[in-house]
Amino acid sequence: MKKPLEYEKTEQASENLPYGKFKNESQPGAQDGTKIVAEHLQDVQYPLLQVLMLAGIVPNGELENGKTVKQFLDALCNISFVKYSDTTVYNKGISVFTVLSGVTDFYRSLIDENDQPLTSQTAWQNFLRIDADGKINFLTPTNISSGGGSSYVPFCVNSGPIVDGEEALLSISGNTITATAPFTLTSAEGETRTVNSDRQLDVSTLQDGDYTILYNFETDALEAFGNTIFTDKKFPDEAVVGDMLFNISVVPYKCEIKTESGTETKQYSRIGLYTRVSGGVKTSPYNNNGLNDDDWLIGLPIPNVTGILPERFVWYKGSIVNISSYPKLFNIFGTKFGGDGVTTFGLPDLTGRVLQGAEEICNYLAAALPNIKATANPMFQNNNASASGAFYVSGSGKSQRDASSTAGYLAFDASRSSSIYKNGVTTVQPPAFTVRYMARYK
């Protein structure tokens, strides 16, 4: 491409414009501005056309308007990793991302001429998610290429948690952990297996503590592993008998258990974590995608007094959020509180509201008080009227009936009967303690 300085009648380079700049005429007809010539237009047009060529798009001869005719924008989106736009048509294999409430989701187009919303499972594949806390979740079978060109999946990734749009999570009932089928796993050495029936693990004999739930390829069963897992070339000095090493210095990778006499090779895949507290009084299995043993808690408003949002929680402040980020909350609320129901939906806003039991749930109730009514005879003279409660006698003047006597009138002020009524208050305010409401979303 030619630099602006290489054209006639241009201005010198500056810090912000290091290749010079074009200039206008000093006044109409002065002819001291930069001339627009054919080669200048060609130098601008061809880089745009090259973007279309890279994307495999043939110019249609129509004038771009950025909305209905936008070949350049479509081409740009189809040759780079860009944020998703619902006005762009994508080619098969193109990847896009969305960012909502700190959660980044990555999608891959499964069809050509893809103008479908991201919620279409036949058109898009949600293959990766980065949580608000920075944790990476692989949502499809995921390979990591080695230097030799071979591909192996590290044993600590559960490769296949999405089945018909639902997460295949671990769950617990009593002292039994269940891995719900179907799910796909890959061992350290690269063996991939799809398990088509549920696998269960009895944890009644485990001591309190944190465990990694493993799938054993040799026994086709779940195991609870309570020792340390290292990812390195060899066991470190602090390793003890029973610890595990995920060795990535060799191809294929190796999963080894430290024994009294050396090491023993194992075929494992990690599918979740499990914490046992107080002999089973509180248990919480989870994998990379979140908790599942007490899903009835999802969406339940919980008061927060720190202002710090914990992991797997969202504020109830009326935000419009992405359905793909909070599918279980969308199943509860739908579009009752906003959103288009295709890619977005609204969360309830509990700021300034109290919770109230009712048969019909998840509704906003406006502030209200019973009406206060009263009657009075305003005809009285010589200050001989009496009043009580919220009524009082106010004012004085000449009676319309008798100019020689004074007259007053009855007035009403609810604060005279109870201090609960206050001037300047526009809503009902019971005694309260302020909090922020949050809810678990997975």
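Which helix and which strand each supply at least two residues of the lining of the largest pocket? The legends below give the answer. The model is predicted, so local features need pLDDT of at least 70 and side-chain atom pairs count only at pLDDT 80 or more, while totals for chains, interfaces and linings use all residues. Residues are numbered from 1 along each chain as its sequence is written, and side-chain values use heavy atoms, with hydrogens and water left out.

View A. Asn114 is found in the loop between strand 3 (103-109) and strand 4 (124-130); strands are DSSP runs of E with at least two residues, numbered from the N terminus. Asn114 counts as buried because its relative accessibility is 0% (buried means under 20% relative accessible area, with a 1.4 Å probe and protein chains only). A polar atom of the Asn114 side chain lies 2.9 Å from the backbone oxygen of Ala123.

View B. Strand 25 pairs with strand 30 (residues 436-440) over three bridges in the antiparallel sense. Val314 stands opposite Ala439 in strand 30.

**View C. The lining of the largest pocket.** Helix 3 (327-333) and strand 30 each supply at least two residues of this lining (a helix is a DSSP run of H or I with at least four residues).

Terms used
Buried means under 20% relative accessible area, exposed over 50%, partly exposed in between (1.4 Å probe, protein chains only). A polar contact is a pair of N or O atoms within 3.5 Å; within protein, one must be able to donate a hydrogen and the other to accept it, and residues adjacent in sequence count only if both atoms are side-chain atoms. Two strands pair if DSSP finds at least two bridges between them.
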